[in-house]
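User: I would like to learn how to read sheets, packed helices and a chain-to-chain contact in a model. Could you take me through them one at a time?

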Protein chains: 2
Amino acid sequence: MKNERLIVVGGVAAGMSGASRARKLRRDMEIIVFEKSGYVSYAMCGMPYFVADKVKTPESLLFYEAGFFREKRNIGVFLNHEVTQILPATKTVVVEDRGSGKEQTYEYDKLLISTGARPFVPIPEGTVLRGVFILRQLEDAIALKGYILSEKPVAGLIIGGGYIAMEMAEAFSQAGIKVTVVEKMPEILGTMDKEITERVNEELRRNGVTVIKSDSVARFTERGSRVSGAVLSSGQTVAADIVLIGAGIRPNSEMAGDAGVRLEPTGAIETDAKMETSIPDIFAAGDCTSAHQLVLGRNAYVPLGTTANKQGRVAGENIAGGDATFKGIVGTSVFKTFDLEVGRTGITEKEAISEHIDYATNVIEHISRAHYYPGVSKVLVKLVAAKETGRLLGAQMIGKEGVVRRIDVFATAITAGMSVQEITELDLGYAPPFGPVNDPVLVAAEQLQKKVRQEKVA
Amino acid sequence: MKNERLIVVGGVAAGMSGASRARKLRRDMEIIVFEKSGYVSYAMCGMPYFVADKVKTPESLLFYEAGFFREKRNIGVFLNHEVTQILPATKTVVVEDRGSGKEQTYEYDKLLISTGARPFVPIPEGTVLRGVFILRQLEDAIALKGYILSEKPVAGLIIGGGYIAMEMAEAFSQAGIKVTVVEKMPEILGTMDKEITERVNEELRRNGVTVIKSDSVARFTERGSRVSGAVLSSGQTVAADIVLIGAGIRPNSEMAGDAGVRLEPTGAIETDAKMETSIPDIFAAGDCTSAHQLVLGRNAYVPLGTTANKQGRVAGENIAGGDATFKGIVGTSVFKTFDLEVGRTGITEKEAISEHIDYATNVIEHISRAHYYPGVSKVLVKLVAAKETGRLLGAQMIGKEGVVRRIDVFATAITAGMSVQEITELDLGYAPPFGPVNDPVLVAAEQLQKKVRQEKVA
């Protein structure tokens, strides 16, 4: 009898997690990964730090090399091989060897689509210019860093004002490049409330970053075949000898859609909690899919490596005959820009409003360490709770330290369905170097708890 | 009609929290605090940093001065006034003015006993020597630091191997004093498992601290009226020109006991969840009481400032006619010694054994940041879960960074009754400067989850 064969389409976070999990549970299965780029299992989130030269070599960004999977995990990894077609009727995929250009057809018993996402490029024609970059594959980062080292650009334009833009603004600045961010919306960081974005704006300004809002790039200008700047929709011009397009990402789902796999309105591949698609034996995981947002009670497209890993493992387990489910996310994300840590979990006030949720909210400022301990600084906490029940729905934080893991405390509390009252009762750790005796987490919950209660009484 | 009068006995964490909360809810109440020392509302936990001169002045350790409470909160604060007797039959207390020695009797309607704790002193006769210190009141810290500055001791002996001893070993070292720790038990840090204590021992050794275990001080030696060292029970001698007695603390409950208030076997004052004692209108809070340990399902004496603040607020609210309850603790505590962060929550393996709990446990080492991010270091996580249900019962962590707030995530999960499986599903924040994509919290839970499951199947 022939061994069952799993084909994995795309070998980054979800794909390699899925392949590894399936292998762990099933020694007999044949597992093949096709990855269109030259690397598997690389740390996409590490690329800004490679560009900033905090990380010296691209190899440092790999979790494992392809050889590791081949030799240690008996997973057939084909680099520079792109799956171009999925044919569910015959349970086959068509694969192009990007080196030779040759195509070959492979049969599968189970298929895991982990094709990830690609940057949304507002002006595709502009990307032919030298000096205009996206950042998705490790090759993109290598090219971008190479350009910085050889061309020594002095003025950078970042299109988009999301997390990657914030991280890359820091990276460019550390590489000696003066940065301008152009965001088409009236405010950067659309997934956060104004109390947070105000402070990020201030931090960017303090670090010499210019932020232009409610405007977009109409076209690039060039000198030779190199970018020299951009003309914005408003008519304003921006000089730039390096451009990063960081205007969000879109799921790579067209091939799945063409194969008849059902897609969601966002373009993400629809799956159930087992990560199986609408077509039997075809699973999907990672940035090409969405995730159930537990607070909103519906799917949301929040592509993140942490989610991709979890979804990949669930898919791998089910492909191997197991019975795992992916419970969902609560919308946690964090980033660092210059000297600030920024994080959110659950929903923002903006989301509470757009979702017509009856909410209470509060913003507090507190200290990151005991008031007398050297290095103490301020952190800001904003909470959103259900007005009737006091149940915590969301948290946002910003400060120089101690933000990320406190966001995790809130994420855990949200997942557990805790009320702000219950959060005030948490037995959290205290020592002067790490926080004040009344931790910002507790103080924020206490303040909001009064508000929930008072407003309920009134 | 006369206003109701609240008398608070002891004005540190629990006392001032209680007084403040009662005032907030009841403008009409007369509130008087008697504090036997010269300071209220000081940060006991900050004293090691004052000794280490990271904090310059004792005033920096005050949250508020007595004048603040008098002027801003209309709370009558009497410093250097010691309550010497509680007379429930007449609802009065006897108060001694420690300046004049005069005694006076005050009536109360409600009484809050927040007398705190005092260091356990194994050899009381030794404390008369110059150079032998305890650390409890701010005056103790001032005297200790004054001695260091004037006498420039070079060899320090710390009696006891708990948290304070660990913090003070660092403080003494930073003051240029070579430290010897003498612990009467076979291991330091009795509230932690050996995987943690091993690493603390290593860190102490690396920093030149000598640790002597299973031994105790039989007597001090002296030169003039100054301490010159100690003779241990084993006969070994230790040279020391400064000694800190940090061998644990005992609740200050004798006066309450004499008044007929019921005490627990530990000596802690017994209260209900409203922080009311066995005698009506007498409340108690803080280090003179115990707390319900939610994992053990019974009271435990874990005197900490965080708990004292929460208990004080609950007592204050109920004194003011409210209906608050103190839910309990999960045994969270954290400290820093030299370059290590150390923390625990829930129960240890030792406790699981002594409580006859059917448990599974696991120890993992993982990284504190993305593997490629500068400054990455190792953290160790040890978890204990119920073997049948997988419910998390305890967590311990040690490492150079990122320990304390991850302990808080575990504390929150324990409070919520989460299983290790549910912890693996948590949507925690990820960015390379703050952790690896698979956070140590998740990895530890994943590993233990397999063990729970596998062992259940076997």
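User: How is the order of strands in a sheet read, and what is the order in the open sheet of 5 strands in chain A?

Analyst: Strands of a sheet pair through backbone hydrogen bonds, either parallel or antiparallel. In chain A, an open sheet of 5 strands runs in the order β9-β16-β10-β11-β12, with parallel pairing. Two strands count as paired if DSSP finds at least two bridges between them, and strands (E, at least two residues) and helices (H or I, at least four) are DSSP runs numbered from the N terminus. The edges of this sheet are β9 (132-133) and β12 (210-212) of chain A, each of which pairs on one side only. Before going further, please note that this is a predicted model, in which local features need pLDDT of at least 70 and side-chain atom pairs count only at pLDDT 80 or more, while totals for chains, interfaces and linings use all residues. Residues are numbered from 1 along each chain as its sequence is written, with chains lettered from A and ligands numbered from 1 in the order in which they are written.

User: Over how many bridges do β11 and β12 of chain A pair, and which helix lies across β11(A)?

Analyst: Strand β11 (residues 178-182) of chain A pairs with β12(A) in the parallel sense over 3 bridges, and A:Val182 stands opposite A:Ile212 in β12(A). Helix α5 (residues 163-174) of chain A lies across β10 (155-159), β11 and β16 (242-245) of chain A, at about 160° to β11(A); such angles run from 0 to 180 degrees between N-to-C directions, with axes fitted as lines to C-alpha atoms, for helices over the stretch in contact.

User: What is the pairing in the open sheet of chain B that begins with β21?

Analyst: That sheet of chain B has 5 strands in the order β21-β22-β25-β24-β23, and its pairing is antiparallel. Because β21 and β23 (359-367) of chain B are at the edges with a single partner strand each, one side of each has no neighbour in the sheet. Direction ignored, neighbouring strands of this sheet are turned by 10° against each other on average. β23(B) and strand β24 (residues 378-386) of chain B pair in the antiparallel sense over 9 bridges, with B:Ala360 opposite B:Ala385 in β24(B).

User: How are two packed helices described, and at what angle do the α10 helices of chains A and B pack?

Analyst: Two packed helices are described by the angle between their axes and the distance between the axes. Helix α10 (residues 404-415) of chain A packs against helix α10 (residues 404-415) of chain B at about 10°, with the axes 8 Å apart. α10(A) is therefore roughly parallel to α10(B), a term for angles under 35 degrees.

User: How many residues does each chain give to the whole contact?

Analyst: The contact takes 49 residues from chain A and 49 residues from chain B. On the side of chain B that touches chain A, α10(B) gives the most, with 10 residues. As for confidence, the predictor gives the complex an ipTM of 0.96 and a pTM of 0.96.

Conventions. Parallel < 35°, antiparallel > 145°, perpendicular 65-115°, else oblique. Contact = placed C-beta atoms within 7 Å.
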